[in-house]
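Subject: Structure handover

Hello,

Here is the structure I said I would pass on. Please look through it alongside the notes below.

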Amino acid sequence: GKEEERARLEKVRAETARKKAEEEEEMRKKPVVAPAGPPRRDWFQSEGSLSLTYFVKGADAARTKVEFSSSKDFSGVIAAPWGDVQVTEGPLFAAVDGEGVRVEVTAFKVEVTVKKREAGMWPRLGELE
């Protein structure tokens with residue numbers, strides 16, 4: 001019944017958390033080699049927001065910073081294990097709200113999410129692409 005299902009879900013959650021902790025520990029043990037070139041970048045959007053994902057393993061959340069120099073341009077520093085990685089974007093297709101930027105750092109990537117000034121889907125990321 002419901003109790004068995006709840007117990008099973010708890011077990012799965014605990015196992016997932018344990019595996020994630022083990023993977024992160026393994027990553028910390030491996031020697032750090034700087035990849036050649038800039039990090040791979042992906043982007044996706046909703047009507048109201050834009051998200052950019054930079055694939056950098058083991059970034060330090062406390063030292064990773066992003067700032068907007070205008071409503072269409074931003075730069076950031078991702079604190080990677082091998083040193084700081086500079087990232088810049090812009091001019092973007094349309095204006096975003098640089099105040100409401102959210103930066104989420106996981107073991108494998110850094111995701112920057114920002115609100116669009118005007119809702120709607122963009123045909124491309126950059127103004128000039």
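Predicted model: local features only at pLDDT ≥ 70, side-chain atom pairs only at ≥ 80, totals over all residues.

Residues are numbered from 1 along each chain as its sequence is written, and side-chain values use heavy atoms, with hydrogens and water left out.

Overall

The protein has one helix and seven strands, in the order α-β-β-β-β-β-β-β along the sequence. Both kinds of element are DSSP runs numbered from the N terminus (helices: H or I, at least four residues; strands: E, at least two).

Along the principal axes, the C-alpha atoms fill a box of roughly 55 × 45 × 25 Å.

Of the 129 residues, 25% are buried (under 20% relative accessible area, with a 1.4 Å probe and protein chains only). Among contacts with a separation of 6 or more, 54% are between residues 24 or more positions apart; a contact means heavy atoms within 4.5 Å.

The sheet

Three strands make an open antiparallel sheet, ordered E3-E4-E5. Strands count as paired if DSSP finds at least two bridges between them. E3 (65-68) and E5 (83-89) are the edge strands, each pairing on one side only. On average, neighbouring strands in this sheet are turned by 15° against each other, direction ignored (axes are lines fitted to C-alpha atoms; angles run from 0 to 180 degrees between N-to-C directions). E3 and E4 (residues 74-80) run antiparallel and are joined by four bridges. Lys65 stands opposite Val77 in E4.

Glu89

Glu89 lies in strand E5. Why does Glu89 count as buried? Because its relative accessible area is 12%. Leaving out residues up to four places away in sequence, Glu89 touches Arg41, Leu52, Tyr54, Lys72, Asp73, Phe74 and Leu125. With Tyr54, the Glu89 side chain also makes a side-chain polar contact of 2.8 Å (a pair of N or O atoms within 3.5 Å, one able to donate a hydrogen and the other to accept it).

Regards

How values were computed. Buried < 20%, exposed > 50% of the residue type's maximum accessible area, 1.4 Å probe, protein only.
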